[in-house]
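Thanks for asking me to look this one over. Here are my notes, in numbered points that you can read alongside the structure.

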Amino acid sequence: MKEICYKRDRVKLFSYKRDRVKLFFTEILLSAMFLTLSGCASTPKNPDGWSLVWSDEFNGKSLDRTKWDFQLGTGSQYGLNGWGNDEIQYYTEDNISLKKGNLIIEARKENKNGLAYTSSRIRTYKDDGTILYAPLYGRIEARMLLPSGSGIWPAFWLLPATDKYGVWASSGEIDILEAKGRLTNRTYGNVHFGQPWPGNKYTGGMHKFQDEGFDEDYHVYALEWEPGSLKWFVDDDCFYETSSWWAMGLDDEEPYAYPAPFDVPFYIVLNLAVGGTFDDYRVPDAADIPAQMYVDYVRVYEKIGGYNYDVKRPVPPQDTEKFLSYDRGLGNDFIADKEFETAELTGALSNTMDKNSSNWYFLTLSDFGGSATAEREEGAFHIKIKNCGGELHSVQLIQHLGIAKGYTYQIVFDAKAASERTISVKLGGDDDNKWAVYSSQYSPKLTTEYQTFKYRFTMEDDSDPQSRLEFNIGTNPADVWIKNVKVLKVDD
């Protein structure tokens with residue numbers, strides 16, 4: 001009898017253990033499904049050639065304030081109302097939450113201090129200058145599920161932890177990920193550099209998703225940053241890379257040594273913006289809001305074996321065919337009409353320009369408050385300011401000329417003013433190529449005596465047969481005299 005009971009109990013025990021095993025594996029399966037659905041990743045696995053040095057897996061109950069700090073409001077405290085992009089959200093601490101191993105930034109339709117939307121923006125840097133974390137080189141990545149919707153603008157990016165090279169954009173900006181919520185099949189990576197606005201330049205690329213949008217699943221957005229090299233990735237697909245950039249002070253004639261400005265530490269920024277310039281001021285439809293940006297993790301890796309610091313700024317190949325076609329028969333000089341005979345003296349409107357001609361165009365842009373007349377005086381063009389306007393380009397003197405890729409040019413001119421002031425000079429594009437900036441924006445300080453000014457640049461963009469040399473003379477009421485203008489090809 002005891003033996004029968006023993007066997008019966010053994011059968012019960014076996015059945016119990018079998019059920020426990022089934023339950024155990026069921027729990028594992030459900031846990032795996034939960035992790036997949038919630039976006040949580042497994043233990044960090046280093047990409048080949050990289051070693052993890054910093055991360056936030058967002059596994060806590062609240063934001064780790066030893067790693068992140070909030071930026072609040074409209075940006076007006078930094079002199080950037082609308083955060084410099086005419087954004088229409090008010091940033092708060094209330095639009096951040098942590099759930100199931102994700103950081104969630106939520107944009108909402110709610111009034112806050114006169115704005116119709118709220119959201120959040122965090123960074124690894126504090127307003128008092130404390131650097132919470134700022135890498136110099138490395139692989140910087142985040143795994144994210146992005147929101148869709150008109151006027152929704154998620155971003156993952158880097159800003160300089162010091163102003164060693166000056167204010168934006170001379171100290172640089174690296175956008176690892178930007179997206180337009182209404183275009184869910186593409187994301188963007190960009191880099192900003194050059195001189196302080198409006199002498200800034202940018203370049204970048206676009207990643208296109210083949211099967212699903214960025215709002216349907218998590219993707220890893222990464223930047224590999226090394227001395228003299230920037231590479232952008234989505235799920236390890238490198239969609240853009242560049243080594244061409246420069247940084248230059250507003251009053252300088254030569255750029256800082258390469259690879260400036262991307263040779264100093266940069267801190268990390270995550271935010272979800274609404275509206276603004278990035279997608280032509282679109283605003284969310286009622287169904288688009290609230291919108292959530294899910295961040296599974298942010299990780300930073302160092303390159304195993306270190307970096308190669310012996311780098312030089314690349315020189316693009318010369319477009320000799322285009323260079324020869326732009327020859328105006330003026331020898332080594334590309335500027336026609338040294339006496340300004342072709343320039344109107346009353347200040348024309350921009351729609352009167354013929355970009356195919358070699359005429360001078362004197363423009364006064366009334367939309368920006370500019371009003372001026374001019375006189376020709378002993379080979380000089382005397383610009384007599386009536387209303388200086390609110391922008392540098394409120395009053396302009398322009399000539400179009402062909403500039404070829406890969407060639408180095410020197411801009412030379414003599415100038416003076418009725419009283420000490422600055423003007424702005426640059427070579428760039430027209431509206432047909434998005435107002436590209438080819439040269440640095442040179443801002444010489446004029447005195448009441450003529451001085452000779454000159455600076456050089458290498459054309460890194462595609463050749464442009466209709467580039468424009470601009471003398472921008474707005475924002476100051478003092479008259480200006482300009483003469484002996486040259487654009488010369490130089491050997492290096």
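The points below go through sheets, aromatic pairs, charges over rings, and a few local backbone features.

1. A word on the source before anything else: this is a predicted model. Please read each value below as computed from that model.

2. Let's begin with the seven-stranded sheet. This sheet is open, its pairing is antiparallel, and its strands run in the order S2-S7-S16-S9-S10-S11-S12. Strand S2 (69-70) and strand S12 (200-208) are the edge strands; each has a single partner strand, so one side of each has no neighbour in the sheet.

3. How many aromatic pairs does the whole structure hold? The search finds 30. In one of them, the ring centres of Trp83 and Tyr91 are 5.4 Å apart and the planes meet at 55°, so this pair counts as tilted. Trp83 and Tyr91 are both buried.

4. Another pair worth a look is Trp360 with Phe471: the ring centres are 6.5 Å apart and the planes are at 50°, so this pair is tilted too. The pair links distant parts of the chain, with Trp360 in strand S18 (residues 360-364) and Phe471 in strand S27 (residues 464-472), 111 residues apart. Both Trp360 and Phe471 are buried.

5. Ring pairs also build a cluster, made up of Tyr137, Trp225, Trp245, Tyr258, Phe262, Phe266, Tyr307 and Tyr309.

6. Now for the backbone. Most residues other than glycine have a negative phi, and most peptide bonds are trans. Against that background, a cis peptide bond joins Trp168 and Ala169, with omega about 5°; Ala169 is in the loop between S9 and strand S10 (173-178). A cis bond also joins Ala260 and Pro261, with omega about 10°, and Pro261 lies in the loop between strand S15 (237-242) and S16.

7. Asp280 is not a glycine, yet its phi is positive, at about 55°. Asp280 sits in the loop between S16 and S17 and, with 56% relative accessibility, counts as exposed. Thr475 also has a positive phi, near 75°. Thr475 is in the loop between S27 and strand S28 (480-490), and its 39% relative accessibility makes it partly exposed.

8. Last, is Pro317 buried or exposed? Its relative accessibility is 63%, so Pro317 counts as exposed. Pro317 lies in the loop between strand S17 (291-303) and helix H2 (320-325). Leaving aside neighbours within four places in sequence, Pro317 is in contact with Lys405 and Gly406.

How values were computed: Residues numbered from 1 in each chain as written. Predicted model: local features only at pLDDT ≥ 70, side-chain atom pairs only at ≥ 80, totals over all residues. Heavy atoms only, no water. Pairing = 2+ DSSP bridges. Helix = DSSP H or I, 4+ residues; strand = E, 2+ residues; numbered from the N terminus. Phe/Tyr/Trp six-rings, centres within 6.5 Å; stacked < 30°, edge-to-face > 60°. Buried < 20%, exposed > 50% of the residue type's maximum accessible area, 1.4 Å probe, protein only. Contact = heavy atoms within 4.5 Å.
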